[in-house]
Amino acid sequence: MMIYELRTYTLKSGAVPGYEKVFGERLQYREKYSKMAGFWHTEVGPLNQVLHLWPYDDLKHRTDVRSAGAQETQWPPPSGGNLVNMESEILIPTPFMRPLEPANHGGLYELRMYTYQPGSLPEVLNRFGESVEAREKISPLVGVWTTEIGPLNRLYHLWAYKDGNDRDEKRAASRQLPNWPPDTGEFLMNMENKFLIPAPFSPLR
């Protein structure tokens, strides 16, 4: 079963453009071992963050790739002392997630992070799976995962839009659907989101 690692780095104010640039310049050295799925910086939500998403066959594959990449003299990219915090989460694709392929979806991505009561995710996934097909006719669901390592009992879903106006229009249209959002309120404990701007070198743009 494929896994995904979502790495979230918080940088000092004003440091994101420089770090994103050097990351893109050095990425070729890391991608000799495995390909990156996407790279973004935050526009709304916690600011001064970059997020990069990496697929692996399994945890052993991740360990092997990261060990090999650590031997590269050009990797990881230098941060100039601007890294404030680094987080890593291991995500599991849901049964209804489509294969994640490079694509140009639009200029704005929204990552929505829902935390549910312990033990409720199987039923939550059932309800999402029954409703998501109709919602995807309005705008693409790029990826949807549950957390395996990191904050637990979470469902992450990543949506793509052309821009903020497109998001507002698509979300207004989705609220006219009879089964969207899925009725999971009885299990829901917290909701967060981030607006993300893809980097020019991101496979998902």
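Two strands count as paired if DSSP finds at least two bridges between them, and strands (E, at least two residues) and helices (H or I, at least four) are DSSP runs numbered from the N terminus. The model is predicted: local features need pLDDT of at least 70, side-chain atom pairs count only at pLDDT 80 or more, and totals for chains, interfaces and linings use all residues. Residues are numbered from 1 along each chain as its sequence is written, and side-chain values use heavy atoms, with hydrogens and water left out.

**Strand β5**

- Strand β5 spans residues 108–116, and nine of its nine residues are buried (under 20% relative accessible area; exposed is over 50% and partly exposed lies in between, with a 1.4 Å probe and protein chains only).
- In a regular strand, side chains alternate between the two faces of the sheet.
- Both faces of β5 are covered, with Leu108, Glu110, Arg112, Tyr114 and Tyr116 buried on one side and Tyr109, Leu111, Met113 and Thr115 buried on the other.
- Strand β7 (residues 154–161) runs antiparallel to β5 and is joined to it by eight bridges; within this pairing, glutamate 110 has tryptophan 159 as its bridge partner.
- Strand β8 (residues 188–198) is likewise antiparallel to β5, with eight bridges between the two.

**Strand β2**

- Five of the seven residues of β2 (residues 38–44) are buried.
- Four bridges link β2 to the antiparallel strand β3 (residues 49–56), where valine 50 is the bridge partner of histidine 41.
- The two strands β2 and β3 form a hairpin with four residues between them, and glycine 45 in the turn has a positive phi of about 110°.
- Strand β2 also pairs with β8 in the antiparallel sense over four bridges; there, valine 44 has phenylalanine 195 as its partner.

**Helix α4**

- Helix α4 covers residues 164–174, and its buried residues are Asp166, Arg167 and Ser174.
- These residues lie on the same side of α4 because they cover an arc of only 100° around the axis, the arc being that of the directions from the helix axis to the C-beta atoms.
- Asn165 and Glu169 are exposed on the other side of α4.
- The buried residues of α4 pack against β5, α3 (121–136), β7 and β8, where contact means heavy atoms within 4.5 Å.
- At the start of α4, a side-chain oxygen of aspartate 163 comes to within 3.2 Å of the backbone nitrogen of asparagine 165.

Conventions: Polar contact = N/O pair within 3.5 Å; in protein donor to acceptor, adjacent residues only side chain to side chain.
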